[in-house]
Amino acid sequence: MLFNSPLHETKANRLIEQFNLKPNSSVLEIGCGDGEFLVRVAEKYKIDGLGIDANEQLIEKAQNKSNQRLKLSNLQFLTQDATTFSSERRVYDLIICIGSEFIFGGYEAALKKLKLLLTEDGLLLMGTIFWKQQPADEYLQLMGNKNPHFNHLSTVEKAVHQGFIPLYICRSNDDEWDDFESSFTQRNYLDALKSSSSDGRAKQIEDLFKWQSGYLKWGTNTMGFGYYLFRNL
């Protein structure tokens, strides 16, 4: 799994092509993980970039990746809680937030917060779940009875209402979803098999299969993932 989202390399590169950034553009990624997406942006454009994530181990991987692949680049990765982040130095020409809107309390709250950190004509790439159809109650129960998502059109409309123009929109396909979900469950199944406690191992495997079954029964027809490139007004 190259990215921590249902996204294959070809589509990631296509998204990056849409940015059309000028030299030395300022770029911020919220919840950057191991930095793969932001490093690719830096490989394509000469940017002044910053990636932040609360996971110290992922940030270390991101910095190592940057050091290995970028000879001359003003790219920095910081371990930080995004809710406490403030941009005192500048606003950004591009902000990337893929699967991390929950940090701000949900999609609409993230749009409101990140708009304040953008230049007047800055770009915002949001990657988020959307509903293909109304989720079954059993599926919501499996997800902890939380329903913070919207349908595809409403996801775009809510950004328009907050003063954004939707420049480019695409969705994860079934293959990207299957790869993402299978990579997640495979990694966790293998970790569970390493458990020294047979009871603990059995419980972990049972819980994983419940999640996997839910994806196969409901998720494939219900849950989508969209990539929305907005321009600030």
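At 23% relative accessibility, Lys-158 counts as partly exposed, a class that lies between buried (under 20% relative accessible area) and exposed (over 50%), as judged with a 1.4 Å probe on protein chains only. Its partner Glu-108 also counts as partly exposed, at 37%, and the two form a salt bridge in which the closest N and O atoms are 3.6 Å apart. This pair links distant parts of the chain, since Lys-158 sits in helix 6 (residues 152–161) and Glu-108 in helix 4 (residues 107–115), 50 residues apart. A salt bridge here is a side-chain nitrogen of Lys or Arg within 4 Å of a carboxyl oxygen of Asp or Glu, while helices (H or I, at least four residues) and strands (E, at least two) are DSSP runs numbered from the N terminus.

The model is predicted, so that local features need pLDDT of at least 70 and side-chain atom pairs count only at pLDDT 80 or more, whereas totals for chains, interfaces and linings use all residues. Residues are numbered from 1 along each chain as its sequence is written, and side-chain values use heavy atoms, with hydrogens and water left out.

The structure holds 14 salt bridges. Among them is one between Arg-40 and Glu-9, whose closest N and O atoms are 3.0 Å apart; it connects helix 2 with helix 1 (residues 9–19), the two residues being 31 residues apart. Arg-40 is buried, with a relative accessible area of 12%, whereas Glu-9 is partly exposed at 43%. Glu-36 forms a salt bridge with Lys-65, again with closest N and O atoms 3.0 Å apart, and this pair joins helix 2 to helix 3 across 29 residues. Both Glu-36 and Lys-65 are buried. Salt bridges that share partners join Glu-9, Asp-34, Glu-36, Arg-40, Glu-43, Lys-65 and Arg-69 into one network.

Leaving aside neighbours within four places in sequence, Asp-53 is in contact (heavy atoms within 4.5 Å) with residues including Cys-32, Leu-58, Ile-59 and Thr-79.

The largest pocket has a volume of about 1400 Å³, the volume being the space filled by probe spheres set on grid points that are joined across faces, edges and corners. On a 1 Å grid over the protein atoms alone, a pocket is an open set of points with protein on both sides within 12 Å along at least five of seven lines, and where a 1.4 Å probe fits but cannot get out the set is a cavity; lining residues have an atom within 4 Å of a point. The lining of the largest pocket counts 48 residues, of which Asn-4, Ile-98, Gly-99, Phe-102 and Phe-180 lie nearest its centre. Helix 7 supplies the largest share of this lining, five residues. Thr-185 lies in helix 7 and is buried, with a relative accessible area of 4%; beyond its neighbours within four places in sequence, Thr-185 is in contact with Trp-211 and Gln-212.
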